[in-house]
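Open the model in a viewer and keep the selection panel at hand. The stops below go from the sheet to single residues and then to the chain as a whole.

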Amino acid sequence: MVTVEFAASLRRHVDCAPQDVAAGSLRAVLEAALAAAPELRHYVLDDQDNIRKHVAVFVNKTMVRDRQNLTQALTSGDRVLVVQALTGG
């Protein structure tokens with residue numbers, strides 16, 4: 001299982017605890033986490049399902065630089081943190 005946590009900057013839009021989702025690609029992990037908190041989808045992903053410019057995603061404390069290619073494989077025990085990096089949008 002991979003733990004996904006949405007930072008306080010996003011949780012102000014919808015209250016959600018850290019989630020454990022099945023390991024897989026970063027895209028699959030984000031999709032599973034957003035399925036449990038669908039109100040956050042608009043804040044995290046754009047219309048092409050890429051990470052929005054004002055959002056930073058970290059995997060095990062390393063920032064994901066490629067916002068379009070989310071095929072990075074995540075394994076059990078990995079931690080994903082999603083942060084609203086800038087105000088506005």
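**The sheet**

Select the strands first: five of them form an open sheet with mixed pairing, in the order E2-E1-E5-E3-E4. At its edges lie strand E2 (19-21) and E4, each of which pairs on one side only. Keep in mind throughout that this is a predicted model. Strands of a sheet pair through backbone hydrogen bonds, in either the parallel or the antiparallel sense.

The protein chain has three helices and five strands, and from the N terminus on they run β-α-β-α-α-β-β-β. The radius of gyration of the protein chain is 12 Å, close to the 12 Å that the globule rule gives for 89 residues, so the chain is as compact as a globular protein of that length.

**Strand E3 and its two partners**

Next select E3, residues 55-59. Is E3 enclosed or open to the outside? Four of its five residues are buried, that is, under 20% relative accessible area, so E3 is largely enclosed by the rest of the structure.

Two of the residue pairs can be picked out here. Val57 has Val82 of E5 as its bridge partner, and the partner of Ala56 in E5 is Val83. In a regular strand the side chains alternate between the two faces of the sheet.

Opposite Val59 stands Thr62 in E4. The hairpin of E3 and E4 has two residues between the strands, and Asn60 takes a positive phi near 50 degrees there.

Step back to Ile51, in the loop between helix H3 (41-44) and strand E3. With 4% relative accessibility, Ile51 counts as buried. What is Ile51 in contact with, leaving aside its neighbours within four places in sequence? Select Val44, Leu45, Val57, Arg67 and Leu70 to show these contacts. Val57 is the residue that has Val82 as its bridge partner in E5. For a distance check, draw a line from the C-alpha of Ile51 to that of Ala73: these two residues are 22 apart in sequence and 16 Å apart in space.

**Thr3, in strand E1**

Move to Thr3, which is located in strand E1 (residues 2-6). Thr3 is buried, at a relative accessible area of 15%. Beyond residues up to four places away in sequence, Thr3 touches Pro18, Gln19, Asp20, Asp78, Arg79 and Val80.

**The whole chain**

Zoom out and select everything. Along its principal axes the C-alpha trace spans about 35 × 25 × 20 Å. Of the 89 residues, 38% count as buried. Among contacts between residues at least 6 apart in sequence, 54% join residues at least 24 apart.

Colouring by charge brings up 10 positive and 10 negative charges, whose mean positions are 7 Å apart.

Technical notes
Residues numbered from 1 in each chain as written. Predicted model: local features only at pLDDT ≥ 70, side-chain atom pairs only at ≥ 80, totals over all residues. Heavy atoms only, no water. Rg over C-alpha atoms; globule rule 2.2 N^0.38 Å. Buried < 20%, exposed > 50% of the residue type's maximum accessible area, 1.4 Å probe, protein only. Contact = heavy atoms within 4.5 Å. Lys, Arg positive; Asp, Glu negative; His and termini not counted. Charge placed at Lys NZ, Arg CZ, Asp CG, Glu CD. Pairing = 2+ DSSP bridges.
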